[in-house]
Amino acid sequence: MALLSILALLLAGCLASPGRAADARIGPDALKPMLQSDSLVFNGFTRSKDGRLFSPFQRQTKGEGIELGEWRDGKPVAFPDAAWNAWKQGDDPAKAFVAVNAIRIGPEGDLWVVDKGAPGMGEAPLPGGAKLVQIDLATNAVRRVYPLQAATTDRSFIDDFRFNGRNVYLTDAGQPGLLVLDLDTGGLRRVLDGHRSTIAQRPLTGQGRVLRDDKGKLLFIHADQLEVSPDGKTFYYQACTGPLYSIETRFLDDAAVSDAERARHVRLFAPTVATGGTAIDAAGTIYASDTDGLRILKIAPDGTTSTLIEDPRLVWVDAMWIDEQGGLWIPAAQMNRTPTMNGGETSAVKFPTTIYRLQIDAQPLRN
């Protein structure tokens, strides 16, 4: 693609407002509050086929709260147990959660958890801290831990992940790039390392405001959101501020392909805006939050973008989930109001934090 075309699409992602008119069939009453917390901040949600509910939690004070919880009777309980949620400086970071960032139910029904392994924003992952953890929901016990240290650096922030057969793709939002993990061998590779498609082109924004970390520095969140097409042949990914790119998964899966050759097959897919989280349905439609416009966008398989719903309650919607009944679970995380994103100022989170559900009549995708 010509350089001018690339620049035009990047500019569109920064300034345009794709699909502003919300779906006329969906009103504010369709957004149902399902789970709430008076004290905890979460940045995701997943639901097992038998209805068990889980979220990753973002500790606002070091050493307090939980990293991963199961919602029971409307309240989050440390999962899989208190020990995995009790890590503190000096403990073995390979055997407990240091900083959980993303979770999802895998194709086999287990709960999978990515731990960035760094105790604070901008801090280096601890030795053995960055990992992907597989938890058996039948026994509520850790089945296997996949170390990620071999493909990380001191700048790494392992952000999110998706399955495709026996491969797992992960994004590195700190050291821009992607990771490919072979679940059978545990083999790990970095791909598109430092490629322009993995690098944030502008600082992070939320509710129309440029965000800064707790030290006052501008926030650049590199490779972040990702999805895999229903046929497993296309991988979509972006920095937190867009735009959305795509590449055929065969170029990720083949270790013999050089990164220079791989880069030739990256394509601009959609001019997305600042995004907190995504989900994809079985028809290949991607749902992406707009952290400035407080809405959920629908991105069709051809890249066409429209607005699903716009609502002032949708403050920093993060990782979403589609259940077996066609409901989109929407965690309004308010991450932009936390000290790690508002320049270290006192938290402006308005409790209770809420996870909503919106009936969209879409089938879930479980690659």
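Asp361 counts as exposed, at 64% relative accessibility, where exposed means over 50% relative accessible area, buried under 20% and partly exposed in between (1.4 Å probe, protein chains only). Asp361 is placed in the segment after E26; here helices (H or I, at least four residues) and strands (E, at least two) are DSSP runs, numbered from the N terminus. Between the C-alpha atoms of Asp361 and Val315, which are 46 residues apart along the chain, the separation is 23 Å.

This is a predicted model, in which local features need pLDDT of at least 70 and side-chain atom pairs count only at pLDDT 80 or more, while totals for chains, interfaces and linings use all residues. Residues are numbered from 1 along each chain as its sequence is written, and side-chain values use heavy atoms, with hydrogens and water left out.

**Confidence**

- The average pLDDT of the chain is 93, and 93% of the residues score at least 70; pLDDT is the predictor's confidence in each residue, from 0 to 100.
- Over residues 1-16 the pLDDT is below 50, and this stretch has 17 contacts in the model beyond near neighbours in sequence, a contact being heavy atoms within 4.5 Å.
- Where pLDDT is low, the predicted coordinates should not be read in detail.

**Salt bridges**

- The count of salt bridges comes to 20, by a rule that asks for a side-chain nitrogen of Lys or Arg within 4 Å of a carboxyl oxygen of Asp or Glu.
- Glu227 and Arg162 form one of these through their side chains (2.9 Å, N to O), and the pair links distant parts of the chain, with Glu227 in strand E16 (residues 223-228) and Arg162 in strand E10 (residues 158-164), 65 residues apart.
- Glu227 counts as buried at 3% relative accessibility, and Arg162 counts as buried at 5%.
- A salt bridge also joins the side chains of Asp172 and Arg190 (3.0 Å, N to O), which links strand E11 (residues 167-172), where Asp172 lies, to strand E13 (residues 188-191), where Arg190 lies, 18 residues apart.
- Asp172 is buried, with a relative accessible area of 0%, whereas Arg190 is partly exposed, with a value of 21%.
- In the salt bridge between the side chains of Asp323 and Arg357 (3.0 Å, N to O), Asp323 lies in the loop between strand E24 (321-322) and strand E25 (327-332) and Arg357 in strand E26 (residues 353-359), so the pair ties together parts that are 34 residues apart in sequence.
- Both Asp323 and Arg357 are buried.

**An open sheet**

- Four strands make up an open sheet in the order E1-E26-E25-E24, with antiparallel pairing, where two strands pair if DSSP finds at least two bridges between them.
- Strand E1 (32-37) and E24 are the edge strands, each of which pairs on one side only.
- E1 and E26 run antiparallel and are joined by 5 bridges, and Gln36 stands opposite Thr354 in E26.

**A nonpolar surface patch**

- Val210, Leu218 and Phe220 make a nonpolar surface patch of about 230 Å², with accessible areas taken from the Shrake-Rupley method with a 1.4 Å probe and, for residues, only the protein chains shown counting as cover.
- Patches are made of residues with over 30% relative accessible area and no salt bridge, like charges being joined within 9 Å and nonpolar side chains (Val, Leu, Ile, Met, Phe, Trp, Tyr) within 5 Å.
- Val210 has its place in strand E15 (residues 209-210) and is partly exposed, with a relative accessible area of 40%.
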